[in-house]
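Welcome! Please take a moment to look over the sequence and the 3D view before reading on.

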Amino acid sequence: MGNRYAFLEKQYIGRDYIRICIRLVMAAFCFAAYVYERDRDNTQDLFLVVGFGIIGVSIILMFMIQYKTIIEDKKILIDGLWSARKVEIDLHTIKSVRKDTYSNYLFNNPVYNLHRKGSVRFYSSGKDAVVLTDHDGFEYFIGTQRPNEMYLVIKDQMKS
C-alpha cells in the first residue's frame, strides 16, 4: 500500500522549543510566586490558576496544526488553520529550488502566507526552509522540519 501523497508534513503552533521554554518559565514564575506569597489572600490563588492555565494552553497548542504542506501532482498545497486560505503553488511556474535557513534570528514568529519584500513566507518552527523561485523572481519560503526530503521530492516532481 503506497502513500497517498509524495510529501506530507504538518507544522504545529506549540512545538517551537523557544516558545515552550518561554511558557514554562512564565508558569514556573507563577508557581514560585504562589509558594512564596506571604499574604494568604486571593492573589495567591490567582498565581496558581494562571500557572496551570499557562501549562494547559501550552499542551493544547502542541496539538494545534498551524499548516500542513502536501506535495502531489506537480503542485504544492499549503493548508492553514480554520479561516486561512489554501495556497496552491504550481511547480510548472517554478524556476529554481534551494535549501536555506529561514532566518538568522533566534526568535521567529510563526507566519502563514506572509507577503514581504517580494516573497511569501510560511513558518512555524525550526530554522530550515525550502525556497522556491518562480519565473518572475517571486520567492516562496516554506519552513520545514525535513528540508532534505522536501527538497528532493520537489526536484523529483519538477523533473517528471
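What follows is a short tour of this predicted model, from its inside to its surface.

In soluble globular proteins, nonpolar side chains tend to be buried together. Here the largest nonpolar core has 20 residues, and those touching the most other members are I76, I78, I89, F122, L132, I142 and I154. Helix α3 gives the largest share, three residues.

Setting aside neighbours within four places in sequence, F122 is in contact with Y67, I78, V87, Y102, V111, Y112, N113, F141, I142 and G143. There is also another core, apart from the largest one, with six residues that include V111, Y123, A129 and F141.

## Salt bridges

The model has three salt bridges. Two of them involve R98. The side chain of R98 meets that of D100, with N and O 3.6 Å apart, and R98 also pairs with E139, where the closest N and O atoms are 3.4 Å apart. The R98–E139 pair links distant parts of the chain, since R98 sits in strand β5 and E139 in strand β9, 41 residues apart. Through shared partners, R98, D100 and E139 form one network.

How accessible are these residues? R98 is partly exposed at 33% relative accessible area, D100 is partly exposed at 31%, and E139 is partly exposed at 22%. Another salt bridge joins the side chains of E149 and R146, at 3.2 Å from N to O. E149 is partly exposed with 38% relative accessibility, and R146 is partly exposed too, with 32%.

## Two cysteines without a bond

How many disulfides does the structure hold? The count is zero. As a reminder, a disulfide is a covalent bond between the sulfur atoms of two cysteines. The cysteine sulfur closest to that of C21 belongs to C30, and the two are 16 Å apart, so they are too far from each other for a bond. The cut-off for a disulfide is 2.5 Å between the sulfur atoms.

C21 is partly exposed, at 48% relative accessibility, whereas C30 is buried, with a relative accessible area of 8%.

I22, M26, L106 and F107 make a nonpolar surface patch of about 410 Å². Of these residues, I22 lies in helix α1, which spans residues 17-36, and I22 is partly exposed, with 36% relative accessible area.

## Two lysines with positive phi

Finally, two loops hold a backbone detail. K74 is not a glycine, yet its phi is positive, at about 55°. K74 is found in the loop between β2 and β3 and is partly exposed, at 21% relative accessible area.

K117 also has a positive phi without being a glycine, with a value near 50°. Its place is the loop between β6 (111-116) and β7. Is K117 buried or exposed? With 78% relative accessibility, K117 counts as exposed.

Notes. Residues are numbered from 1 along each chain as its sequence is written. This is a predicted model: local features need pLDDT of at least 70, side-chain atom pairs count only at pLDDT 80 or more; totals for chains, interfaces and linings use all residues. Side-chain values use heavy atoms; hydrogens and water are left out. Patches are made of residues with over 30% relative accessible area and no salt bridge: like charges are joined within 9 Å, nonpolar side chains (Val, Leu, Ile, Met, Phe, Trp, Tyr) within 5 Å. Accessible areas come from the Shrake-Rupley method with a 1.4 Å probe; for residues, only the protein chains shown count as cover. A salt bridge is a side-chain nitrogen of Lys or Arg within 4 Å of a carboxyl oxygen of Asp or Glu. Helices (H or I, at least four residues) and strands (E, at least two) are DSSP runs, numbered from the N terminus. Buried means under 20% relative accessible area, exposed over 50%, partly exposed in between (1.4 Å probe, protein chains only). A nonpolar core is a set of buried Ala, Val, Leu, Ile, Met, Phe, Trp, Tyr and Cys residues joined through side-chain atoms within 4.5 Å. Contact means heavy atoms within 4.5 Å.
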